Structures are given as C-alpha cells and as structure tokens.
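This briefing goes with the sequence and structure shown below.

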Amino acid sequence: MKSLKAKFTLTTITIIFLSFLIAFLLSNSYYQQKLKPDNDQKNTEIALQMVQYAEKEQTLALEDYLQHIASIGYHLMLIDEHGQKQFFGDPFRDESLPEEIVFQVINGEVYHGMALLPQETFVTGFFANELKNTIGVPLRNNEQSYALFMRPNIKLLFNEMHILFGLLLFLTIALCIIFVIITTTFLIDPISKLTRATRQITDGNFSIKLEIDRNDEIGELAKSFTQMAHELGQLDEMKNEFISNISHDIQSPLSNIKGYTDLLSKEALTETEKLQYTKIINDEITRLSDLTKELLLLASLDRIENLLKKKPFQLSAQIKELIRHYQWRLNEKGIMISYSLPDVTVVGDPSLLYTVWDNLISNGIKYNKQNGSLEIIVHEENDCVEVHFRDSGIGMTIEDIGRIFDRFYRADSARTRTIEGTGLGLSIAATIIKLHDGQIEVTSSKEKGTHIVVRLQKIVANK
Ligand code: ADP
C-alpha cells in the first residue's frame, strides 16, 4: 500500500474494528461474570412466581394461564411425568434437553440452564433460543407433577429494538468510515501538496505557491517550506550569477594574457611596446591572483568561525600602515586624505580585519572622483569602536546599497564598469565583521559620496 491516505484510512478503520472487538470481549466477560448469573436468578424468581400462582389458583386452567404468559413474551415448555410435552409461545430453535434434567425438575429441583450455558456461547448466549437455555421449575397442578421450562422471548421483548440497534451499529460504523476518509483527506492533502512542491523544487522550479492556510504544525511546515523554497531560489540565482561572473572574471584576463603573449611572440616589437605588453600581462596575472585569493578567503570564511585567531592589537596602527601602502594611489588620483586615528586596542583577528580596512580604503579610492577626498576616523562610542570611511566618490543608489554585500555584486553604473573589481570585497568585509559580532552600515548618495561605518565591540580600553 503506497499512499499515506490509504494507510491512514486503513489504520483508523482497523483501530475502529479492533476497539469494537475489544469492547465485545470485555462486554462478553461482563456478561459471563455478572449478567449471566443475574439473568438466571431473575428468571428463576419469575418462573417460581408463575408456578406459585398456578399452584395457588388450582381452579385456573393451566394451559390458558401458560398461553397467556407466553403471549406477554415467554417461550414455555410444560412436560408431565409421562413425558408429554406442551409448548407455549414461539417455538424453541433447539428443543433438545437431556431426560435426566426433566426428571430432576419433575422431582422438585430447579434447573439453571441460563447460568449453565457454556462459556463459548459468548454474549450471544443471552439470545440463544434453546430449550437448554431455560429455567426449569417443578409445578404441581391437579395432583399432577410437571416440569415447566421457560425463557423470555427476546425477539418479542426487544420488539423493533433489535432492528434499531442493528441500524445504529451499522450507521455508527458507516459514519466512522466516512468521517475517517474526510479527516484523512483534510490531514493528508497538505502533505501531498508539500510532496508535489518538493518534486517541483527537485526539478529546479523554486517559485512555489502552497495553498495551505492552517494554523497548526502542518501550516507552520508549509510556511517554512515556502520560505525555504524562496531562499533556495535565491541561492540558485546566486549560484548561476556566481558561475557566470567567475567565468567572465577569469576568462577576460586569460584572453588578454593570451592576446598579449601572442603579440610578444610574433611581432617585431620595440622595447617600449614589449615593456608595455609585459606590464599588461603582469597586471592581468595579478588580477587573476587577487580574484583566486578572494575566492579562497570567502570559501574559508564560511568555515572559519571557530578558527578565528583573536588577539589584542592596535587598530589605528593597522589603518595607518594601510594608508602608507595606498599613498601612491592616493597621490595618483589627487585624493586628499584626512584622518583621526587615536590609539585604540581591540581584540580580533588582525589579519582578517586588515582585509576589511584594505577593502574599504581601496573602494574609497577606486570609486572616488579625481581630486576627491577620503576621511578615515576611529572613535570610541560607549562599548564600541567605530571606524568611519567617508569619501566624496561616485556614490550609490538605494538599490545598490541593498545589494553590495552580495557576492559578486557590482553596481551597474557606466562608471563602475570601467573600474577594476570582483564584487567580492564588501561581501568578504561583511562576513568578517559578522564573525567579530560587529556591524557594518552604509549611507551613500550620488551627490555626497559614500559613508561606511564599521562598529566593533571594544574589548580593551584605550591605553
Ligand atoms: P569591487 O570593488 O571589487 O567591485 P566590492 O564588494 O568591494 O567589490 O564592492 C561592491 C560594489 O559596491 C562595487 O562594485 C561598487 O559598485 C560598490 N561600492 C563599494 N564601495 C563603494 C564606494 N565607496 N563608493 C561607491 N560605490 C561603492
């Protein structure tokens, strides 16, 4: 059996029948232990009262009297000393009865056929219309000894009730099955929808719309599932973007290198041209090397959390070193740099944080205007150390700001396209800051330029 729905329906129906069987066995045990002897006793008392009345009213026509009793709702058999039988009321289904029982009853004993009925008859023994399942009492009438065997006529007593009970039982079972099927559908359908959605995802379709509006666990599952599908879709998009970006970023320096090496090997070139081509090749190799380094760094950052080599270090000294490093590029672009770098000690991974400042300063120069300005300020704010990078560069749109921390994202402006870059720097910076439980914030406009603030927890106070 494959479908969950069928399994669920079958299990519930099995449970219903099992409960029914257990209930039957329990009620049977109750019948055997309690009802059977009680019933026997009750009927013995009735039989004895019948006999008492018949014996008291000797003028009474015994047959008429018994006929009358039978019409109220009893099966009766009267047997005399000669074995002459007379039946009153509906016939017994089974009229067999050992002779010695008849003999004993005629001789004054009471026969407790109802209590003596074997265990195997279950609760149905209550209804067994047999001569053995009777109460036998001695009766004397007109100097004659008789044995009177009686049992209630269940059919008559129950009248239409047994049809009603049968109908009730049938309806209960039928309704149970119908409700089980309905509730199963209600329970299982969302799971089937989820299964179909999972298949859709496997086929690469991440735009899933699950029509499951419930407040229970399945509703929660559906919500998480839709969320997961959405994120998987984004991841897939990023993966595709990543592949196309990486292919492009590797392919273009490679074709440049190939082109210029071809030129170098074939043409008769002047010394200046040779030097120029070698420089281009060298630049492209550096670009490729930077790209692979960044990619390696990004991949390692994803797993590095527990491997951070944190220690106290001088933050401002690190930034000053970088400014010295970039001095020639600042001069080249005529950028005026101003800074306020008081001595601050922070605890963190120095080499990773170095990469962050490196990226932010290099961006502040790359995306700056000719003769622009770059301001770097370190300052302490309560428990934090803030590092501000404010440039007077090309700035970004709101949409760009929302995406610059995505891997490979580069603003699509004509100016950005002319600037070298991989789109990985800020993504790396943000990951490192996150690993240090810090924050990075960007405000930017095309008119005023960009302002980036990095906030780190200050672990050691200023010395
Ligand atoms: P890359 O500089 O290699 O392109 P980044 O991740 O460092 O990659 O930056 C992502 C994008 O964010 C850049 O391509 C650029 O469009 C934008 N950006 C980053 N810093 C600045 C800045 N200071 N001014 C303007 N745009 C910036």
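**Ligand site**

The model is predicted.

- Tyr-367 places a polar side-chain atom 2.7 Å from an oxygen atom of the ligand.
- For Arg-410, an N or O atom of the side chain is 2.6 Å from an oxygen atom of the ligand.
- Leu-426 takes part through its backbone: a polar backbone atom there is 2.7 Å from an oxygen atom of the ligand.
- The ligand taken alone exposes 530 Å², and the protein buries 98% of that area.

- H10 is mostly covered, with 14 of its 17 residues buried.
- The end C-alpha atoms of H10 are 24 Å apart, which agrees with the 24 Å that its 17 residues should span at 1.5 Å a residue.
- Helix H8 (residues 271-301) has 31 residues, which at 1.5 Å a residue should span 45 Å; the distance between its end C-alpha atoms is 44 Å, in agreement.
- Buried residues of H8 include Tyr-277, Ile-281, Leu-288, Leu-291 and Leu-301. Glu-284 and Glu-294 of H8 are also buried.
- What do the buried residues of H8 pack against? They pack against H7, H10 and H13.
- Helix H7 (residues 217-266) has 50 residues and reaches 72 Å from its first C-alpha to its last, close to the 74 Å expected at 1.5 Å a residue.
- Among the buried residues of H7 are Ile-218, Gly-219, Ala-222, Phe-225 and Ala-229. Asp-249 and Pro-253 are also buried in H7.

**Thr-184 in helix H6**

- Thr-184 is found in helix H6 (residues 161-202).
- Is Thr-184 buried or exposed? Its relative accessibility is 0%, so Thr-184 counts as buried, the cut-off being under 20%.
- A polar atom of the Thr-184 side chain lies 2.3 Å from the backbone oxygen of Val-180.
- Not counting residues up to four places away in sequence, Thr-184 touches Lys-5, Phe-8, Thr-9 and Asp-189.

**Ile-46 in helix H1**

- Ile-46 has its place in helix H1 (residues 4-56).
- Leaving aside neighbours within four places in sequence, Ile-46 is in contact with Tyr-74 and Met-150.
- Ile-46 and Ser-445 are 399 residues apart in sequence, and their C-alpha atoms are 106 Å apart in space.

**Loop residues with positive phi**

- Most residues other than glycine have a negative phi.
- Asn-142, a residue other than glycine, has a positive phi near 50 degrees.
- Asn-142 lies in the loop between strand S4 (135-141) and strand S5 (144-152), and is exposed, with a relative accessible area of 52%.
- Asn-371, also a residue other than glycine, has a positive phi near 60 degrees.
- Where is Asn-371 found? Asn-371 is in the loop between H10 and strand S9 (373-381).
- Asn-371 has 59% relative accessibility, so it counts as exposed, the cut-off being over 50%.

**Gln-84 in the S1-S2 loop**

- Gln-84 lies in the loop between strand S1 (74-80) and strand S2 (85-88).
- The relative accessible area of Gln-84 is 53%, and Gln-84 is exposed.
- Gln-84 is in contact with Leu-78 and Ile-79, leaving aside its neighbours within four places in sequence.
- Gln-84 and Tyr-146 are 62 residues apart in sequence and 9.5 Å apart in space, C-alpha to C-alpha.

Technical notes: Residues numbered from 1 in each chain as written. Predicted model: local features only at pLDDT ≥ 70, side-chain atom pairs only at ≥ 80, totals over all residues. Heavy atoms only, no water. Polar contact = N/O pair within 3.5 Å; in protein donor to acceptor, adjacent residues only side chain to side chain. Areas by Shrake-Rupley, 256 points an atom, 1.4 Å probe, with all protein chains shown as cover. Helix = DSSP H or I, 4+ residues; strand = E, 2+ residues; numbered from the N terminus. Expected span 1.5 Å × (residues − 1). Buried < 20%, exposed > 50% of the residue type's maximum accessible area, 1.4 Å probe, protein only. Contact = heavy atoms within 4.5 Å.
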